[in-house]
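User: Please examine the charged side-chain pairs of the structure shown here.

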Amino acid sequence: RAHTLYNPPSLQEYMLQANERTYVFAQIETADGVKNAREIAQVNGVDGVLFGPKITVASLGDRQVVCGAIEEISRKVKDTGKPFGIITGVKEYLQAA
């Protein structure tokens with residue numbers, strides 16, 4: 001409870017505040033996820049979408065195909081007005097996002 005400076009509000013107030021500050025991100029890691037990225041992003045309660053490139057490489061194939069998938073997901077998710085993110089150290093993937 002250090003984030004409350006050790007002076008927490010009532011449990012009821014704490015839960016209200018925690019719920020207001022909690023975000024839900026769906027993570028896409030498969031070819032089906034790529035195909036359905038827009039629909040996934042539009043799910044009520046999903047605040048944004050993350051892309052998991054390592055597992056996706058295994059399901060899609062080489063880096064070029066994955067870069068195309070990243071571009072597709074990025075476009076579909078951004079069209080919904082929700083944030084899109086990727087965690088990677090691969091320069092090509094970052095540029096595709």
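User: Which side chain meets that of Asp79 in a salt bridge?

Analyst: A salt bridge here is a side-chain nitrogen of Lys or Arg within 4 Å of a carboxyl oxygen of Asp or Glu. This is a predicted model, in which local features need pLDDT of at least 70, side-chain atom pairs count only at pLDDT 80 or more, and totals for chains, interfaces and linings use all residues. Residues are numbered from 1 along each chain as its sequence is written, and side-chain values use heavy atoms, with hydrogens and water left out. At 3.2 Å, N to O, the partner of Asp79 is Arg38.

User: How many residues apart are Asp79 and Arg38?

Analyst: Helices are DSSP runs of H or I with at least four residues, numbered from the N terminus. Asp79 belongs to helix α5 (residues 63-79) and Arg38 to helix α3 (residues 37-41). The pair thus links distant parts of the chain, 41 residues apart.

User: Which residue pairs with Arg63 in a salt bridge, and in which helix is that residue?

Analyst: The side chain of Arg63 meets that of Glu92 at 3.4 Å, N to O. Arg63 lies in helix α5, 29 residues apart from its partner, and Glu92 is in helix α6 (residues 91-96).

Key
Helix = DSSP H or I, 4+ residues; strand = E, 2+ residues; numbered from the N terminus.
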